[in-house]
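Subject: Structure handover

Hello,

Here is the structure you will be taking over. My notes on it follow below.

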Amino acid sequence: MKRLLIILLIGSISINAQTKISKSHSQQSLNCSTCHSCDIPTKENPCLKACPRESMIRIDQKPEEGPKVLIINKIKETDVYDPVVFSHLAHAEMADISGGCRTCHHYNPPGNVIACSECHETQRKRIDVSKPDLKGAFHRQCMNCHRAWSGSIDCVVCHQLKGKEPALKSDVKKLTAKRIHPEVKAPSKINFTTASTSGKLVTFYHDEHINLFNYECGDCHKNDNCVKCHNKNKVVTAVKKSLKEVHKKCSNCHDTDSKSKCSSCHSDKEKGPFNHFAVTGFDISKYHSKLTCNRCHTAKGKFTGLKNECSSCHGTWSWDNFKHNVTGLILDETHSELECSNCHKEPTYSKPTCEDCHDDKSYPKDKPGRLRKL
């Protein structure tokens, strides 16, 4: 796949806009029909489906790793405006806390980021009327956000009129700073006051969802827009939302339809951080506390519960694959020859049983060996 060379005005510097894609085609569970609608796609007629490709996009690139400024100058049909100086860095920073790169690069195939003109024709003479030309694509991509935060669309916000004092160089210099927006510092926790008659307070531990549950910003903020931070008119219109809409972000993982589950988040006082034993009954404090959640809960965002039997993850224990001294107890010669099931009757390998062999012994009063020195 050819690489896109993005031309900057200053010195006509070419920047190779490479991206890291999480998986190649060969590593994904795909077949030809996933992306192609016909049996024999060709270069001239690839029969590409639009939607499946969008769901596969993942561009693992930080805003500052991309180009800072782009000059949009491929549309030659007008003598009214100069080329548009587009602050890619500023827009990438905004997208970084919402939908990510796919906000604009919505049909980017696996590989390097491609130019908009790869898909959108520079001329308005097109056969496929369902796909906008390049000028239409640019305006459709930009106008909604600009209209939302400014309240109107003024062409000169983006376009420099010809004949005016040339500002291209100064614009580029201004927009090549290391960072345009101040860095967003994620809060540790947020306390929401709700309209619920019982359990008005919801304590949301933001850092847990990022660091413990492995969520990314876009998982929750993908539908956020500029108005959340920018609103030139300072007019906030209250929108009445249904109960389902209020819980929309949370319902992807939490059962918000069942009233019996409300107390999981709602309370009359601040709730403490996530406690695995209190919520699930399975104590991870001894041997699993350093593991990330996705080591056991492999489906992202799905914490529907697992069997608490050791064999669910570890298989069957034996002397070949398990060293008993990791428990803090080094077995004596008599007990080191026994099978695990002789002492541990439960599949969770919890409290051992002595009564099957000893009438006068019990655990933890009597230990079948010595404690390991830590």
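Two strands pair if DSSP finds at least two bridges between them. Helices (H or I, at least four residues) and strands (E, at least two) are DSSP runs, numbered from the N terminus. On that basis, β6 and β7 are joined by 2 bridges and run antiparallel.

Before the rest, the ground rules. This is a predicted model, in which local features need pLDDT of at least 70 and side-chain atom pairs count only at pLDDT 80 or more, while totals for chains, interfaces and linings use all residues. Residues are numbered from 1 along each chain as its sequence is written, and side-chain values use heavy atoms, with hydrogens and water left out.

Confidence

pLDDT is the predictor's confidence in each residue, from 0 to 100. The chain averages 76. At least 70 is reached by 78% of the residues. Among the elements, strand β6 (residues 201-204) has the highest mean pLDDT, at 92. Strand β2 (residues 14-16) has the lowest, at 29. Contact means heavy atoms within 4.5 Å.

Overall make-up

The chain holds 12 helices and 9 strands. Of its 374 residues, 21% count as buried. Buried means under 20% relative accessible area, exposed over 50%, and partly exposed in between (1.4 Å probe, protein chains only). Take the contacts between residues at least 6 apart in sequence: 59% of them join residues at least 24 apart.

Aromatic pairs

How many aromatic pairs does a search of the whole structure find? It finds 2. Rings of Phe, Tyr and Trp (its six-membered ring) pair if their centres lie within 6.5 Å; planes under 30 degrees apart count as stacked, over 60 as edge-to-face and the rest as tilted.

F213 and F274 form an edge-to-face pair, 5.6 Å centre to centre, with 80 degrees between the planes. F213 lies in the loop between α6 (206-212) and α7 (217-221), and F274 in the loop between β7 (266-267) and α10 (276-280), so the pair ties together parts that are 61 residues apart in sequence. F213 counts as buried because its relative accessibility is 13%. F274 is at 34% and therefore counts as partly exposed.

W317 and F322 form a tilted pair. The centres are 4.8 Å apart and the planes 50 degrees. Both W317 and F322 are buried.

Salt bridges

A search of the whole structure finds 3 salt bridges (a side-chain nitrogen of Lys or Arg within 4 Å of a carboxyl oxygen of Asp or Glu).

- D133 and R124 meet at 2.3 Å, N to O. D133 is buried, at 3% relative accessible area. R124 is partly exposed, at 49%.
- K189 and E270 have their closest N and O atoms 2.4 Å apart. K189 lies in the loop between α5 (168-174) and β5 (190-193) and E270 in the loop between β7 and α10, so this pair ties together parts that are 81 residues apart in sequence. K189 is partly exposed, at 36%. E270 is also partly exposed, at 38%.
- K345 and D356 meet at 2.9 Å, N to O. K345 is partly exposed, at 46%, whereas D356 counts as exposed, at 52%.

Other local points

The charged end of K367 sits over the ring of Y363, 6.0 Å from its centre. The criterion is NZ of Lys or CZ of Arg within 6 Å of the ring centre and within 35 degrees of the ring normal.

H276 lies in helix α10. Is H276 buried or exposed? At 18% relative accessibility, H276 counts as buried. Leaving aside residues up to four places away in sequence, H276 touches G281, F282, I284 and H297.

Best regards
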